[in-house]
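Please keep the structure open beside the text while you go through the points.

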Amino acid sequence: MQIETKLPKVGTTVFTEMSQLATEYGALNLGQGFPDFEGPQRLRDALTRAMNDGRNQYAPMAGVPALRAQIAAKVQALYGRTVDADSEVTVTSGATEAIFAAIAAVVRSGDEVIVFDPCYDSYEPAIELNNGIAVHVPLTSYKEAGDQFAVDWQRVKQAITAKTRMIIVNSPHNPSGAVLSADDLEALAELTRATGIYILSDEVYEHIVFDSQPHRSLSRHTELAQRSFIVSSFGKTYHCTGWKIGYCVAPRLLSEEFRKVHQYLTFSSFAPAQFALAEVLEHETQHHLQLSDFYQARRDRFRNLLATAKLRLLPVAGAYFQLADFSAIAPDKTDLQFCDWLVREVGVAAIPLSVFYRDPPAGQRLIRFCFAKSDQILEQAAQKLCRI
């Protein structure tokens, strides 16, 4: 039997392939973006209590009320925006589900959605499964802008057509670590003003911004917030990616459409974790405020450990990924070839940056390391990389 695939460009992700290779060769896995350390003990204890207290049946479709109230309080405290916990906050089975639901809620056949390359790999399949068209606008090349990836708003203006339905932004950015500025938000507001364009803001790394910079959430910008689905992730914040709990904050009318999709994707998300997260958000208020310092120390340590390596490290403004240019080591290899060699011969797994592009820039030699790892793993990986 033959099946006409709905996603002809999609196969097994490189994240899965590199993790399998790392296991096969006993390599240190700095590829897939998850921590190798546990979340707060209080959170794990709260989860155990929730299960033992019988919180094991379906949660309300939109999320446990106590958790939605804590999310609304956090948005108010951090960004000064008042949101209604009942009608504007929805808990989801991870940020990826929230991203899909937001796209499915408003994108119709033939609609165009602008994404910025390099971009997270779930965006385009979600657009295509909803019969939309992904319009790829490249960020400025790191060689064009002093090792910085940035949005060229003139390119965005040129890409907008009468069919443009949505623009997806991601800050802090995976994979580059770039962050949006206040000027970026103003440029986005100007381009979408008096249009029917919606914004999907992927802010899963909102609490991991370095060097005393603020996170420029779209929640801070009243005009943009009124046309935006703003998505975040407890997995990234509390080092529990396997729990798959995320959420979406959106105005009431957008949330209504969002929930219509969400209820037929997962209906409700893992209930014990929702009760546990609500408890911790209420009583342990400093964890997310300390996360930037926690990861900045890991960023700085990893960069210092690689000081003698023949890799050129790009700046990291946010998230927990380090891009590295390997041109001095293997100028004749593509990033895919280099990552394959790296895991087999050096014993370190990384991710080639080209997989985040529709059309990778010619001659680009960049790979991505995840530094959300223990000190021991980072030290061992650095020793291997510095010996090349």
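1. A salt bridge is a side-chain nitrogen of Lys or Arg within 4 Å of a carboxyl oxygen of Asp or Glu, and the structure holds 17 of them. This is a predicted model, in which local features need pLDDT of at least 70 and side-chain atom pairs count only at pLDDT 80 or more, while totals for chains, interfaces and linings use all residues. Residues are numbered from 1 along each chain as its sequence is written, and side-chain values use heavy atoms, with hydrogens and water left out.

2. Lys9 forms a salt bridge with Glu128, with 3.1 Å between the closest N and O atoms. This pair links distant parts of the chain, since Lys9 lies in the segment before α1 (14-25) and Glu128 in helix α5 (residues 123-129), 119 residues apart; helices (H or I, at least four residues) and strands (E, at least two) are DSSP runs, numbered from the N terminus. Lys9 is exposed at 59% relative accessible area, whereas Glu128 is partly exposed at 24%, where buried means under 20%, exposed over 50% and partly exposed in between (1.4 Å probe, protein chains only). Lys9 and Glu128 also belong, with Glu124, to a network of salt bridges.

3. A salt bridge also joins Asp86 to Arg68, whose closest N and O atoms are 3.7 Å apart. Asp86 sits in the loop between α3 (65-79) and β2 (89-92), and Arg68 in helix α3, 18 residues apart.

4. Strand β7 (residues 228-233) is mostly covered, for six of its six residues are buried. Ser228, Ile230 and Ser232 point one way from β7, while Phe229, Val231 and Ser233 point the other way. Two strands pair if DSSP finds at least two bridges between them; β7 runs parallel to strand β6 (residues 198-202), joined by four bridges, and pairs with strand β8 (residues 246-249) in the antiparallel sense, over four bridges. Ser201 stands opposite Ile230, and Ser232 stands opposite Tyr247 in β8.

5. Cys370 is in no disulfide either, as the nearest cysteine sulfur, in Cys339, is 14 Å away. Cys240 is buried at 9% relative accessibility, and Cys370 is buried at 0%.

Note on methods:
Disulfide = S-S within 2.5 Å.
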